[in-house]
Amino acid sequence: MASLADRIPIAATTGDRIHVRPLTGTFGGLVSGIQVRDAIHDDALFAELRAGWVRYQVLFFRDQSLTPEEHLALAERFGEVQKQGYVESLKTVPGVWVQE
């Protein structure tokens with residue numbers, strides 16, 4: 001069995017509209033070139049984001065500004081959103097938690 005040290009690190013990818021730079025050798029990517037809120041209504045952009053998520057397992061975005069409602073709408077594109085958790089979600093937008 002191969003160890004993690006023997007694995008080839010993931011490489012950066014560039015789609016039609018996004019660029020994803022790996023943050024480690026095995027998972028995680030920093031997305032640039034877009035405003036992530038645009039993927040709420042743009043199927044082609046969302047397809048690129050989803051492909052990046054599948055490839056890198058977790059995506060990071062800098063300098064983004066989403067309302068709680070936009071955050072929830074984007075999350076719902078990926079699948080069902082858990083409404084109840086260990087901490088209470090926003091009363092106005094169930095399923096969105098504020099991390100402070």
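Residues are numbered from 1 along each chain as its sequence is written, and side-chain values use heavy atoms, with hydrogens and water left out. Because the model is predicted, local features need pLDDT of at least 70 and side-chain atom pairs count only at pLDDT 80 or more, whereas totals for chains, interfaces and linings use all residues.

**Exercise 1.** Work out in which order the strands form the sheet, and which are the edge strands.

*Solution.* Start from the strands, which are DSSP runs of E with at least two residues, numbered from the N terminus, and let two strands pair if DSSP finds at least two bridges between them. Four strands then form an open sheet of mixed pairing, in the order β1-β2-β3-β4. Next, β1 (13-14) and β4 each pair on one side only, and these are the edge strands. Finally, β3 (residues 29-32) runs parallel to β4 and is joined to β4 by three bridges, while L30 stands opposite F60 in β4.

**Exercise 2.** Identify which residues touch the most other members of the largest nonpolar core, and list the contacts of I34.

*Solution.* Of the 13 residues in this core, I18, V31, I34 and L49 touch the most other members. The largest share of the core, four residues, comes from α1. Turning to I34, and leaving aside its neighbours within four places in sequence, the residues in contact (heavy atoms within 4.5 Å) are R17, I18, L45, L49 and Q64.

Terms used. A nonpolar core is a set of buried Ala, Val, Leu, Ile, Met, Phe, Trp, Tyr and Cys residues joined through side-chain atoms within 4.5 Å. Buried means under 20% relative accessible area, exposed over 50%, partly exposed in between (1.4 Å probe, protein chains only).
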